[in-house]
Amino acid sequence: MKRLTMSLDDDLADAFEALVRSRGYENRSEAFRDLLRQDLGSTRLREQPDAPCVATLSYVYNHHQRQLALRLTDLQHDHHELTVATTHAHLDHDHCIETVILRGRTDAVRSFAQSVITQPGVSHGNLNLVPMAVHHAQGHEHLQPAAAHPSPAKGLKRSSR
């Protein structure tokens, strides 16, 4: 494990301390690691659209919208290779929420999520992506959380510092 030392201006340091407390971290290192993992994961998802991911897609929809529930189910069946599971709950007389667990190429998962969120009658759609890596074990592929080091962007050199 490497130890890093950072200097922050007072306002940024105070804001970081407040974040550490508000999120309930035991120490600054854990908070910093989570922020760094999140940023590196976002970079990986953006720079490697063909890389695997797991995701949750949550959306609220009006179940009275004509044929919407059927269209949503058909979309999931049409993309059965991405759709792992779906949870459905009734919010009130008119509205339902669904959360779909997805697994596949990042670009395919994003495309599927967009096709669901843009359906007439769907509102408040949100996609949460987690970068994954393929790991070979017991004669077949498994997904595991991606390493926290994306490859450098083309044309940029890594510093040796």
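I sorted the lining of the largest pocket by class and found 14 nonpolar, three polar and six charged residues. For the classes I took Ala, Val, Leu, Ile, Met, Phe, Trp, Tyr, Cys and Pro as nonpolar, Asp, Glu, Lys and Arg as charged, and the others, Gly among them, as polar. A reminder to myself: this is a predicted model, where local features need pLDDT of at least 70, side-chain atom pairs count only at pLDDT 80 or more, and totals for chains, interfaces and linings use all residues. Residues are numbered from 1 along each chain as its sequence is written, and side-chain values use heavy atoms, with hydrogens and water left out.

The lining has 23 residues, and Leu4, Met6, Ser29, Phe32 and Arg33 lie nearest the pocket centre. I used a 1 Å grid over the protein atoms alone, where a pocket is an open set of points at which a 1.4 Å probe fits, with protein on both sides within 12 Å along at least five of seven lines; lining residues have an atom within 4 Å of a point. The space in this pocket comes to about 1100 Å³, a volume being what probe spheres set on the points fill, with points joined across faces, edges and corners.

Which element gives the largest share of the lining? That is α2, with eight residues. Both α1 (10-23) and α2 (28-47) supply at least two residues each. Helices here are DSSP runs of H or I with at least four residues, and strands are runs of E with at least two, numbered from the N terminus.

**Strand pairing.** Next I followed the strands, counting two as paired if DSSP finds at least two bridges between them. β1 (residues 52-62) runs antiparallel to β4 (residues 122-137) over eight bridges; Tyr61 has Val122 as its bridge partner, and Val54 stands opposite Val130. β1 is also joined to β3 by eleven bridges, again antiparallel, and there Tyr59 is partnered by Glu98.

β4 pairs with β5 (residues 140-145) in the antiparallel sense over six bridges, with Val134 opposite Leu143. These two strands make a hairpin with two residues between them, and Gln138 in the turn has a positive phi of about 50°.

**Core.** The largest nonpolar core has 19 residues, and Leu57, Tyr59 and Leu102 touch the most other members. β1, α3 (68-78), β3 (95-105), α4 (106-117) and β4 each give at least two residues to this core, and β1 gives the most, five. Such a core is a set of buried Ala, Val, Leu, Ile, Met, Phe, Trp, Tyr and Cys residues joined through side-chain atoms within 4.5 Å; buried means under 20% relative accessible area, exposed over 50% and partly exposed in between (1.4 Å probe, protein chains only).

I then listed contacts (heavy atoms within 4.5 Å). Beyond four places in sequence, Tyr59 touches residues including Leu72, Ile97, Val116 and His124.

**Positive phi.** Where does His124 sit? It is in strand β4, its phi is near 55°, and it is exposed, with a relative accessible area of 67%. Gln67 also has a positive phi, about 65°; this residue is in the loop between β1 and α3 and is partly exposed at 47%. I noted both since most residues other than glycine have a negative phi.
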